[in-house]
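Subject: Handover of a structure, with findings

Dear colleague,

Please find below the structure that I am handing over to you. My findings follow it, arranged by topic.

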Amino acid sequence: MLNEKIVYYRKKNMLTQEELAYQLNVSRQTVTKWETGTIYPNIEYLIKFSNLFGVSIDYLVKEDDCLTLETHKIEIGELACFLVKAKKATYANKTNKVNSSRK
């Protein structure tokens, strides 16, 4: 639920409703209504939430299991190993060359 995520990330970032309202240029009452689910923020505020909290808009509005920036991180060593394997399996390997189909 969007309203629960707003509450969670506001508290995670140690913000009061007033502080969040100030950062978004809305009233504290508006934040209260978002957090209780009385009203929903428009796309402008969803973008601001996304930037402020470091999560995707999909994650904020969908109830399914979306990836966040935190869960999508990869280790540098793992990435390097993947890139080496990928290059060896492609044109960078320079074996089994195939002539271009274009003139």
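Predicted model: local features only at pLDDT ≥ 70, side-chain atom pairs only at ≥ 80, totals over all residues.

How near do the axes of H1 and H4 come, and at what angle do they cross? Their axes come within 11 Å, and the crossing angle is roughly 35 degrees. This crossing is left-handed. On the H1 side the contact is made by Leu2, Ile6, Tyr9 and Arg10, and on the H4 side by Leu46, Phe49 and Phe53.

Overall composition

The chain holds 6 helices and 0 strands. Read from the N terminus, its elements therefore follow the order α-α-α-α-α-α. The chain has 103 residues, of which 26% count as buried. Taking the contacts between residues at least 6 apart in sequence, 44% join residues at least 24 apart.

The pair H2 and H4

A second helix pair deserves a description alongside the one above. Two packed helices are described by the angle between their axes and by the distance between those axes. For H2 and H4, the axes come within 11 Å and cross at roughly 115 degrees. This angle makes H2 roughly perpendicular to H4. The crossing in which H2 passes H4 is right-handed. H2 contributes Leu20, Gln23 and Leu24 to the contact, while H4 contributes Tyr45, Lys48, Phe49, Leu52 and Phe53. Phe49 and Phe53 of H4 are also among the residues that make the contact with H1.

Helix H2 and the residue after it

Which residues of H2 are buried? They are Gln17, Leu20, Ala21 and Leu24. Seen down the helix axis, these buried residues fall within an arc of 100 degrees, so they line one face of H2. The face turned away from that buried side carries Glu18 and Tyr22, which are exposed. The cover over the buried residues of H2 includes H1, H3 and H4. Leu20 and Leu24, both buried, also take part in the contact between H2 and H4.

H2 is followed by Asn25, which lies in the loop between H2 and H3. The phi of Asn25 is near 60 degrees, a positive value in a residue other than glycine. Asn25 counts as exposed because its relative accessibility is 67%, and the cut-off for exposed is over 50%.

Helix H3 and its buried side

H3 covers residues 28-36, and its buried residues include Val31, Trp34 and Glu35. These residues cover an arc of only 95 degrees around the axis, which puts them on the same side of H3. The buried residues of H3 pack against H1, H2 (17-24) and H4 (43-53). Gly37 follows H3 and has a positive phi, near 80 degrees.

Asn3 in helix H1

Is Asn3 buried or exposed? Asn3 counts as buried because its relative accessibility is 14%, and buried means under 20%. Asn3 belongs to H1, which spans residues 2-12. The side chain of Asn3 reaches the backbone oxygen of Glu35 at 3.3 Å. If neighbours within four places in sequence are left aside, Asn3 is in contact with Trp34, Glu35, Thr36 and Gly37.

The loop between H1 and H2

Met14 is found in the loop between H1 and H2. The phi of Met14 is positive, near 50 degrees, although Met14 is a residue other than glycine. With a relative accessibility of 74%, Met14 counts as exposed.

Thr16 is also found in the loop between H1 and H2. Thr16 is partly exposed, with a relative accessible area of 41%. How far apart are Thr16 and Val31 in sequence and in space? They are 15 residues apart in sequence and 9.9 Å apart in space, C-alpha to C-alpha.

With kind regards

How values were computed
Residues numbered from 1 in each chain as written. Heavy atoms only, no water. Helix = DSSP H or I, 4+ residues; strand = E, 2+ residues; numbered from the N terminus. Buried < 20%, exposed > 50% of the residue type's maximum accessible area, 1.4 Å probe, protein only. Polar contact = N/O pair within 3.5 Å; in protein donor to acceptor, adjacent residues only side chain to side chain. Contact = heavy atoms within 4.5 Å. Arc of directions from axis to C-beta. Axes fitted to C-alpha atoms, helices over the stretch in contact; angles between N-to-C directions. Parallel < 35°, antiparallel > 145°, perpendicular 65-115°, else oblique. Left-handed = near helix turned anticlockwise from the far one by under 90°.
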